Amino acid sequence: MQLNFEIFFYGGFMLEEELKNKTAIRYFKKFDCTDIIKRIDFTVKVSGKINSEYLLWAEAKQSPTDIYKMLAQLIVTIKQDAYNLLPPKFIGCFDSEKIAFVEYNAVLPVYALNDFNWSQTPSNVDEKTIATIKKTVNKDNILKFYFGKDDDEIHNFIEQNFVEGGSLLSTLIDKNNFIFVYQKWREMVMPSINADWEKLKKNYNIYDRDFFLSELNIDDNDTTDISDDKVAYPDFFISFNSTASKCYQLTRKDNFGLEVTYSFGYKNGGLEKYADFWKRYKRPPKNVYWNYIISRLDLLVPQDVRERKGAYYTPQIWVELSQKYLAGELGKNWQDEYYIWDCCAGTGNLLNGLVNKYNIFASTLDQQDVEVMKERIKNGANLLESHVFQFDFLNDELLPVGNSVKVETDFGIMEISGKLPQALYDIISDPERRKKLLIYINPPYKEATSAATVQGTGSNKSGVATSNMVYKKYKNILGKASNEVFTQFQIRIYKELSQCKIGNFAKLKTLCASNFSDFRNAFQAKLKKLFIVPAKTFDNVDGSFPIGFFIWDTSEIEKFKKIKCDVFSADGSFFGHKKYQVDDEKHESINRWMKRLDTETENSVGYMENPTPDFQNNKFLCIINNKGTRHNNYSAINAKTLIVNAVYFSVRQCIKQTWLNDRDQFLSPKVKWEKDFEFQTNCLIYTIFHSQNRISSNNGINHWIPFTEYEVDAKEKFQSHFLSDFLSGKVKAEKSNANLFSHTAVESRLIVTLQFSDTAKAVLSAGRELWKYYHTMEATNVNASLYDIKEFFQGRDKNGKMKTGSIDAYYTELLANLKSALWDLGEIIKPKVYEYGFLSE
């Protein structure tokens with residue numbers, strides 16, 4: 001069938017999904033356009049190839065839109081949703097009249113901007129952002145075509161340039177994509193190198209990244225770039241020459257001081273794979289990018305090693321701010337008056353800006369990072385070589401070089417040699433001098449529990465946080481907090497370097513998480529100062545949550561109770577204040593409260609999954625037919641417990657999760673809510689119509705239809721009238737032997753007293769119209785739930801995920817009305833959440 005594209009390319013109405021589908025068919029039918037990458041509208045890659053690279057990511061709009069606005073939205077989307085993926089050769093945008101292509105290289109300068117607002121919502125970029133894109137992305141780099149009249153040119157452009165490995169230019173290597181180029185090199189080239197990787201690592205501290213860098217720093221003629229403004233990579237690592245039979249050479253001194261050269265070649269076909277790989281990328285990178293890559297060697301490690309090390313680079317903006325706060329707390333001459341030890345220094349970027357190198361010590365887990373810091377010293381870094389050393393803070397003994405001690409290990413009694421510089425050991429051995437010691441760190445944030453563990457599909461990550469000496473030594477006093485690497489750093493500092501000051505970046509769990517109460521009992525240093533920033537501003541950190549910079553004084557004993565901290569936005573601007581407070585003796589978590597009330601399990605009409613009581617886990621909070629498999633509590637819902645479950649659900653869902661509130665803890669409420677029947681009814685209606693109510697008639701009898709057959713003109717009788725009877729007052733909960741709302745009261749009472757607000761009635765009205773429209777459809781399920789109705793109109797994609805929209809315009813309008821009414825109801829519930837103590841003010 002010939003599609004009539006003129007209808008929509010010249011002003012006819014078409015939904016965005018239909019526009020994307022028809023654009024794929026007309027112009028990209030030889031390619032695979034089915035991938036979905038979060039919020040990126042349109043993707044193109046070679047069809048029929050496993051792991052093929054993307055050729056295009058594009059923004060789509062159903063009506064004519066300014067090209068720079070579309071590009072701005074796409075660039076922000078890529079930063080937020082796809083920055084950890086190998087980028088495509090082109091990005092682009094299209095609407096109902098035109099399409100535009102831009103080589104990805106042309107937008108790289110945008111990602112290097114320091115004053116760009118990367119935290120804004122992509123669909124609502126501001127005018128400043130659009131102007132910045134217009135100024136930064138040269139219009140000569142944008143190829144624009146109009147649908148219809150330029151069709152031949154569009155097809156020719158795609159045919160010539162949408163070939164894997166054959167873009168207009170080889171991809172430039174820069175600070176935005178070098179990690180992905182390295183990971184791709186590990187897949188394509190590394191397996192063909194004839195080398196014993198474990199032996200190289202153990203005997204010579206040589207890693208595969210050294211081989212990668214030796215290839216990276218040459219041009220296509222094997223000429224090494226040694227320009228003056230380029231930071232040199234230590235020349236005793238690996239040299240490369242593709243014309244030699246054994247391309248890689250490693251020079252080392254033997255036991256007699258004589259230089260010995262070790263050579264490594266390719267396995268069969270390896271040189272061809274090397275050549276094919278470097279056809280894709282332009283090398284060597286520009287000096288500014290090379291220098292950045294050398295400063296970020298902590299990222300050039302396999303993903304499993306990155307998880308073990310928890311390598312998190314501290315952005316310079318927060319380095320500078322942390323030092324400003326240290327000056328404010330310790331005094332303006334703090335760098336001269338205090339000794340500073342970064343005991344997880346990586347390549348030393350946290351120490352940038354410090355001036356007194358005689359007072360600074362830097363240690364790190366990997367010897368290669370030590371060598372990088374020493375190379376940086378040769379290029380002007382303000383550190384002393386004798387103060388930079390390899391040290392595993394979670395395993396090594398606090399002993400000076402030349403000393404040793406016998407310790408009991410899993411392998412028997414072993415003699416452990418000291419690694420600390422004598423100058424540092426003298427400081428930590430003297431209680432008075434320790435008062436002038438600052439441990440200044442950004443430790444790893446990895447923990448032993450993975451997301452899969454929470455979801456019940458995996459097991460704890462072995463070795464990430466539970467295989468070291470500190471864990472074994474202090475796990476009994478840390479409880480569940482012992483799974484976190486950063487808490488292990490803190491407890492060892494607190495216990496073994498007492499009297500010192502600590503300046504550390506960390507998550508906020510230590511202050512308020514309910515499962516960190518053991519940590520707060522064990523770690524009782526006084527918290528002097530705190531500021532928090534968005535976690536996404538840190539490399540290699542996923543998730544929308546706060547990271548704080550804490551200043552602790554271990555010489556003052558004080559269990560944490562509360563603090564008012566400063567808040568900064570992603571661009572470094574002051575945002576305001578936030579209070580954190582906890583009282584482990586007085587403040588019971590909302591989950592313990594709910595667990596205490598979850599005693600009535602008979603005649604259940606569904607279950608509520610109750611995840612960890614903070615905002616970050618609200619995505620797991622849902623209403624379902626049957627108990628799930630995740631490692632959470634599942635409370636039974638029946639006539640006796642419907643209200644309390646609805647209150648729990650609503651107070652957790654009515655407030656949107658943000659990076660700022662992500663770790664806030666929900667608490668056991670005050671008793672005042674028990675008499676607020678309008679609040680309880682609002683919560684019930686909110687729960688019934690919320691998108692996280694996933695009751696489905698496909699999984700059992702649907703007891704969650706809030707209307708009668710007559711109200712929605714149903715074709716047949718419903719299987720269950722539980723909810724409509726409950727809302728109309730026909731269901732009376734049997735008397736319980738105790739007050740469900742209180743663990744102290746003993747007199748019996750009825751649970752149900754409903755008072756419908758006008759806003760709750762508006763939600764019911766909007767929901768009723770949606771149900772009525774559904775029952776006008778043919779082949780409907782008479783017992784359909786709200787979730788079933790959405791599935792009917794919206795359908796599912798090839799991965800089985802429910803689509804976000806529908807081609808049925810009237811359904812879309814009715815659903816929008818319901819969402820709007822539900823939002824209004826949530827706004828009424830919000831202030832009650834704080835008034836009744838479900839959250840602290």
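The charged end of Arg-209 is placed over the ring of Tyr-207, at 5.5 Å from its centre. The model described here is predicted. A further contact of this kind involves Lys-79, which lies over the face of Trp-118 at 5.5 Å from the ring centre.

Across the whole structure, a search finds 62 aromatic pairs. Two of them are set out below.

| Aromatic pair | Geometry | Centre to centre | Angle between planes |
|---|---|---|---|
| Phe-277 and Trp-278 | edge-to-face | 4.9 Å | 85° |
| Phe-389 and Phe-391 | edge-to-face | 6.1 Å | 65° |

Phe-277 counts as buried because its relative accessible area is 0%, under the cut-off of 20%. Trp-278 is likewise buried, with a relative accessible area of 5%. In the other pair, Phe-389 and Phe-391 are both buried.

Ring pairs also build a cluster out of phenylalanine residues: Phe-28, Phe-31, Phe-42, Phe-90, Phe-94, Phe-101, Phe-145, Phe-157 and Phe-162 are linked in this way.

Strand β23, which covers residues 606-610, is joined to β24 by 3 bridges, and the two run antiparallel. Met-608 stands opposite Ile-623 of β24.

Note on methods. Residues numbered from 1 in each chain as written. Predicted model: local features only at pLDDT ≥ 70, side-chain atom pairs only at ≥ 80, totals over all residues. Heavy atoms only, no water. Phe/Tyr/Trp six-rings, centres within 6.5 Å; stacked < 30°, edge-to-face > 60°. Buried < 20%, exposed > 50% of the residue type's maximum accessible area, 1.4 Å probe, protein only. Lys NZ or Arg CZ within 6 Å of the ring centre and 35° of its normal. Pairing = 2+ DSSP bridges. Helix = DSSP H or I, 4+ residues; strand = E, 2+ residues; numbered from the N terminus.
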